[in-house]
Amino acid sequence: MASYRLQSAYLPQGWIRDVLVTVSTEGIITAIDAGGAAQPHPIPPMAIERVDGIVIPGMPNAHSHAFQRAMAGNAEYRSSARDSFWTWRQAMYALANRIGPEELQVVATQLFVEMLKAGYTSVAEFHYLHRPSSALQYAGANLLWEAIDNAAALAGIGLTFLPTLYQSSDFGAAPLKPEQARFALETDAFLRAIEDRIGADRRGGVGTRTGAAFHSLRAVPLDHLRRAALALRAIDSSIPVHIHVAEQTLEVRACERATGRRPIELLLDQGLLTQHWCVVHATHATADELQGIAAANATVCVSISTEANLGDGLFDTARFFKSNGRLCVGSDSQSTVNPAEELRWLEYQQRLRKRRRVVLATTGDSHVGTRLWRDAAVNGALAIGQPVGAIAVGRRADWLVLDASHPALAGAAADMVLDRLLFAGADKAIRDVMVAGRWVVKDREHGADDQLRESFPRIINGLARG
């Protein structure tokens, strides 16, 4: 048990000064005194750690492909007059078939440390590297899975691991292409592996969770998807389930040709969506489709930086919010690892589309930064299936401490802090980071920094040489 006196904190009821928070040995918040009331069992002053600065909830990263950190910035040149997501994908496949367990662990550790320093305190890893490649052989079926587990433990980030079913190269159960062979997983093996991991999660305590993912409707035949989704529900009724859908217009047209339905229509037709599902991207969704997702209480995860990097298109956030839709963010391809930037461009997209300002604020939430950070944190917690996203009793002690003396926060009243975080560079004021009651970043430094300064460049250079 540990106690912290927070100088200033953002709680569900708003900004509060001088907050006493008690955290269990498992990292769960057990008590909050936000009003200065006397404690029934007073805590000796020496046992209370004072936290100077501004404390806010850490952000869940609801969509990540860790291995793609190794190619960030390496595809920003024109290879043809019609570069697109589909040409980028070939570079991604080349990396996916070169990276082994050792390389993946180092790359993921570097990435997870970067996430922590940027304000992500937990991550949903959408993982479809399952087996050795033709050019890269090693013993052990799940070494790539273990590499992600080990990286999360080394970095100290909360992890929801999403083993991903990937069985076909296109609609109509088209066989996987040679470059996709490493992603293959039979449905029964997928279900057994997830059930085994869930058993291990329950023995392992707080901080980790196993969910599941279907890569996309083109990558999983519909009958397999239905059977697996129902089996997952029987294994764990609250299991987080994620799926890529409607990211690209070519995907939408291919689905219409193959099935007569648009991808989100087809997904909604199955009646599988619940509050435990996360629909990733939904970039090319109609108004009716957005209403259907919201009505199912499913969450949409956007990664504005990746969707912009790949030229995907614009998600209609304002319309989705009018349907009371739940939205969270992720770093996806790791072209940017910064939740404040994701949320800033979420708002800026709408400003450019509608040619007016402060589009995503509401009458009750006039500060758009506060609204976006708070809701993305709470909805991200739902998407990853972990008790995070708010500083509240029963939630994990995952929080960020902003340096109140940083120039980006100069003169900011409390209700402007999250506006500054998103729109004035105050993400650079993140000084300390706690996950599950343990400081993992102090004074902007992480314990793995020195080791990663040597190992990460070595691994990246090796992958570049192929």
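Author: The second largest cavity holds about 80 Å³ of space. A cavity here is a set of points on a 1 Å grid over the protein atoms alone, where a 1.4 Å probe fits but cannot get out. Grid points are joined across faces, edges and corners, and the volume is the space filled by probe spheres set on the points. The model is predicted: local features need pLDDT of at least 70, side-chain atom pairs count only at pLDDT 80 or more, and totals for chains, interfaces and linings use all residues. Residues are numbered from 1 along each chain as its sequence is written, and side-chain values use heavy atoms, with hydrogens and water left out.

Lining residues have an atom within 4 Å of a point. For the second largest cavity they are Met71, Ala72, Gly73, Asn74, Ala75, Glu76, Trp88, Asn309, Ser333 and Ser335. By class, that gives 4 nonpolar, 5 polar and 1 charged. Ala, Val, Leu, Ile, Met, Phe, Trp, Tyr, Cys and Pro count as nonpolar; Asp, Glu, Lys and Arg count as charged; the others, Gly among them, count as polar.

The structure holds 3 cavities of 30 Å³ or more. Helices (H or I, at least four residues) and strands (E, at least two) are DSSP runs, numbered from the N terminus. Helix α1 gives the most to the lining of the largest cavity, with 6 residues. The lining of the largest cavity divides into 9 nonpolar, 9 polar and 5 charged residues.

Next, charge pairs away from the cavity topic. The whole structure has 24 salt bridges, each a side-chain nitrogen of Lys or Arg within 4 Å of a carboxyl oxygen of Asp or Glu. One of them joins Lys117 and Asp449, with the closest N and O atoms 2.9 Å apart. This pair links distant parts of the chain: Lys117 sits in helix α2 and Asp449 in helix α14 (residues 449-465), 332 residues apart. Side chains of opposite charge can pair when their charged atoms come close.

Key:
1 Å grid on protein atoms, 1.4 Å probe; cavity = no way out; pocket = protein on both sides within 12 Å on 5 of 7 lines; lining within 4 Å.
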